Amino acid sequence: MRRSTGHARDALAWQTQSLLLAYPDERLPEHLALALRVAAGQPKAVARPLQRFAEHAGRTPLPELAADYVATFDHRKRCCPYLTYYAHGDTRKRGVALLRLKQTYARAGWRLGDDELPDHLAVVLEFAATDPAAGARLLTEHRAGLELLRLALSDTDSPWAAVLDSVSATLPALAGDEREAVMRLAAEGPPEEQVGLAPFTPSSFMPEPSPGGPR
């Protein structure tokens, strides 16, 4: 029973985090109200960051928050929200990783919209909310990239760092090899682009979001 309850609780957290990582629009007040309701039923490590973000976003004018979102996720490569980018960069391997993600979603009967990229953190969290067991595996698989994104957001004092703190609190603590992966990614960055990438990765999968674009 505890396992089932834990999955349900995680699913609520992941759905909420997904919404908070979307481009801020007129639905934001509804999403913030949901975040506060969900936080009330979460462990403190998950709840408090949600509350911090909701408080900040609630007192920030929407145009200002939207501009901050674009400046953070569209213009700072270190804050890339596309998880496969951290491990593979813009390489052929990233194309394979994207296809595998889409196949995972398809096996679960979950379909993406035409404007959604399969490795955007908000998309992965939304999937995790619908299939917690499979979603937990995906999030854990990309644990190093998630941590690097969390640290990059923290370094820039981004309000979305709180959302990443909340995401991390739903996952197991970093293992030794994952810590090493984070250190390597931080030191080296993702792999360089390879010649011949285009045939393997459709342009719609590349991390070039427009303001207010996918998620």
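# Reading the labels on this structure

User: Why does R27 count as partly exposed?
Analyst: R27 has a relative accessibility of 45%. Buried means under 20% relative accessible area, exposed means over 50%, and partly exposed is in between (1.4 Å probe, protein chains only). The value for R27 falls in between, so R27 counts as partly exposed.

User: What kind of model is this?
Analyst: This is a predicted model, where local features need pLDDT of at least 70, side-chain atom pairs count only at pLDDT 80 or more, and totals for chains, interfaces and linings use all residues. Residues are numbered from 1 along each chain as its sequence is written, and side-chain values use heavy atoms, with hydrogens and water left out.

User: What makes D25 and R27 a salt bridge?
Analyst: The N to O distance between their side chains is 2.7 Å. A salt bridge needs a side-chain nitrogen of Lys or Arg within 4 Å of a carboxyl oxygen of Asp or Glu. D25 is buried, at 16% relative accessible area.

User: How many salt bridges does this rule give?
Analyst: The count is seven. As a general point, side chains of opposite charge can pair when their charged atoms come close.

User: How do you know that D155 forms a salt bridge with R78?
Analyst: Their closest N and O atoms are 3.3 Å apart, which is within the 4 Å limit. D155 belongs to helix α9 (residues 143-155), while R78 sits in the loop between α4 (62-74) and α5 (83-88), so the pair ties together parts 77 residues apart in sequence. Helices here are DSSP runs (H or I, at least four residues), numbered from the N terminus. D155 is exposed, since its relative accessible area is 55%.

User: Which helices does the pair R150 and D165 link?
Analyst: R150 is in helix α9 and D165 is in helix α10 (residues 160-169). The two residues are 15 residues apart. Their closest N and O atoms are 3.0 Å apart, and they form a salt bridge. R150 is buried, at 18% relative accessible area. D165 has 22% relative accessibility and counts as partly exposed.

User: How many aromatic pairs are found in the whole structure?
Analyst: The search finds nine. One of them joins F53 and W160, with 5.8 Å centre to centre and 50° between the planes.

User: Why is the pair F53 and W160 called tilted?
Analyst: Rings of Phe, Tyr and Trp (its six-membered ring) pair if their centres lie within 6.5 Å; planes under 30 degrees apart count as stacked, over 60 as edge-to-face, and the rest as tilted. The angle of 50° belongs with the rest, so this pair is tilted. F53 lies in helix α3 (residues 44-59) and W160 in helix α10, so the pair ties together parts 107 residues apart in sequence. F53 counts as buried at 2% relative accessibility, and W160 counts as buried at 0%.

User: What makes the pair Y69 and F73 tilted?
Analyst: Their planes are at 55° and their ring centres are 4.9 Å apart, so the pair is tilted. Y69 and F73 are four residues apart in helix α4, or about one helical turn. Both are buried. Together with Y23, F53 and W160, they form one aromatic cluster.

User: How do you know that the buried residues of α8 are on the same side?
Analyst: Helix α8 (residues 132-141) has P132, A134, G135, L138 and L139 as its buried residues. They cover an arc of only 160° around the axis, which puts them on the same side of α8. That arc is taken from the directions from the helix axis to the C-beta atoms. Exposed R137 and E141 are on the face turned away from the buried side.

User: Where does A152 lie, and which residues is it in contact with?
Analyst: A152 lies in helix α9. Leaving aside neighbours within four places in sequence, A152 is in contact (heavy atoms within 4.5 Å) with R78 and C79. A152 and C79 are 73 residues apart in sequence, yet 6.0 Å apart in space, C-alpha to C-alpha. At 1% relative accessibility, A152 counts as buried.
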